[in-house]
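Open the model in your viewer and keep the selection panel at hand. The stops below go one selection at a time.

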Amino acid sequence: MLNYEVSQDEANGCFIVRGKILLGSKPVEIPINNTKQENLKKQFISFFLHKKDVEIGINYLDCISLNNHPRANEGLFVGALSVYFKCFQSSKARIPVPEKTFKSNFPQFADCFDRFKQWRNKHYLHDENGMTQTCAFLLIAPEDNPAKFGGPPSVVWNSAGVDYINEGQSLRGVMQATLDFIVGRIDAVGNEIEKEVENLTKSELLALKEAHIELATTNSPEQKRG
């Protein structure tokens with residue numbers, strides 16, 4: 001897999017892609033003539049987006065530091081959990097990373113993966129486990145006091161302390177293994193896509209629709225991605 005450097009040319013309303021590209025090459029759309037090709041293209045896009053998210057999560061973890069406020073480290077850790085496990089969730093936009101296949105390929109990270117998945121699903125995004133404990137109570141005044149209540153009803157809670165420095169490093173190991181897995185899948189799917197068009201002539205390939213990308217926007221988050 002090759003990483004390209006992409007920049008926006010605002011003056012000409014286009015993007016510039018730099019990398020190991022043969023000078024004069026033409027970018028064309030991957031053709032879709034059957035269900036297999038459609039699925040390969042969706043897989044290809046999905047794994048590149050998963051790669052982006054995992055790399056963002058690793059960047060979050062790399063920013064965790066003893067010099068940070070504890071809440072900053074917590075925010076970076078939760079941010080990494082969120083973007084990482086999004087890659088394993090089903091959605092209309094992309095095909096998820098196959099969890100079982102990843103864990104079978106990297107069994108040394110399986111237990112750690114499951115633990116962080118529980119943290120994300122059952123603690124940080126939902127209160128459904130023992131990492132937070134609560135107690136609701138009434139305060140009843142002493143018998144010799146005419147008042148009925150000794151104060152308003154309330155709730156006390158406590159949450160388990162997390163060492164974000166060490167846990168961040170553990171999560172980073174899982175995420176790096178996932179990144180390696182994703183890159184492997186990108187290469188495999190890319191090879192399959194090439195096989196699908198290997199019978200086309202150079203002229204037929206050059207006649208394919210020129211590749212196009214829409215400018216991303218925050219104004220229409222529900223807009224369909226191309």
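## A charged network to begin

Select Lys 36, Glu 192, Lys 195 and Glu 196: salt bridges link these residues in a network. Keep in mind that this is a predicted model.

Lys 36 forms a salt bridge with Glu 192, and the closest N and O atoms are 4.0 Å apart. This pair links distant parts of the chain, with Lys 36 in helix H1 and Glu 192 in helix H5, 156 residues apart. Lys 36 counts as partly exposed because its relative accessible area is 46%. Glu 192 is partly exposed too, with a relative accessible area of 28%.

## Other salt bridges

How many salt bridges does a search of the whole structure find? The search finds 14. Side chains of opposite charge can pair when their charged atoms come close.

Select Glu 29 and Lys 41. They form a salt bridge, with 3.4 Å between the closest N and O atoms. Glu 29 sits in the loop between strand E2 (14-18) and H1, while Lys 41 is in helix H1; the two are twelve residues apart. Glu 29 has 23% relative accessibility, so it counts as partly exposed.

Next, select Lys 52 and Asp 53. Their side chains meet in a salt bridge at 2.8 Å, N to O. Is Asp 53 buried or exposed? Asp 53 counts as buried, because its relative accessibility is 2%.

## Ser 46 in helix H1

Move to Ser 46, in helix H1 (residues 35-62). Ser 46 has 1% relative accessibility, so it counts as buried. Show its side chain: it reaches the backbone oxygen of Lys 42 at 2.7 Å. Then look for contacts beyond the neighbours within four places in sequence: Ser 46 is in contact with Arg 94 and Ile 95. Ser 46 and Val 97 are 51 residues apart in sequence, and their C-alpha atoms are 8.4 Å apart in space.

## The largest nonpolar core

Select Phe 77, Tyr 84, Phe 102 and Leu 171. Within the largest nonpolar core, which has 32 residues, these have the most contacts. Colour the helices next: H1, helix H2 (70-86), H4 and helix H5 (164-197) each supply at least two residues of this core. Which helix gives the most to this core? H5 does, with nine residues.

Centre on Phe 102. Leaving aside neighbours within four places in sequence, Phe 102 is in contact with Tyr 84, Phe 88 and Phe 113, and also with Val 174, Ala 177, Thr 178 and Phe 181.

## Asn 121 in helix H4

Select Asn 121, found in helix H4 (residues 110-124). Asn 121 is buried because its relative accessible area is 18%, and the cut-off for buried is under 20%. Its side chain makes a polar contact with the side chain of Arg 120, at 2.7 Å.

Select Leu 2, Tyr 4, Val 6, Phe 15, Val 17, Ile 21, Ile 213 and Leu 215. Together they make a nonpolar surface patch of about 740 Å². Zoom in on Tyr 4, in the segment before strand E1 (5-9). Tyr 4 counts as partly exposed, because its relative accessibility is 44%.

Note on methods: Residues numbered from 1 in each chain as written. Predicted model: local features only at pLDDT ≥ 70, side-chain atom pairs only at ≥ 80, totals over all residues. Heavy atoms only, no water. Patch = residues over 30% accessible without salt bridge, like charges linked within 9 Å, V, L, I, M, F, W, Y side chains within 5 Å. Areas by Shrake-Rupley, 256 points an atom, 1.4 Å probe, with all protein chains shown as cover. Helix = DSSP H or I, 4+ residues; strand = E, 2+ residues; numbered from the N terminus. Buried < 20%, exposed > 50% of the residue type's maximum accessible area, 1.4 Å probe, protein only. Contact = heavy atoms within 4.5 Å. Polar contact = N/O pair within 3.5 Å; in protein donor to acceptor, adjacent residues only side chain to side chain. Core = buried A, V, L, I, M, F, W, Y, C linked by side-chain atoms within 4.5 Å.
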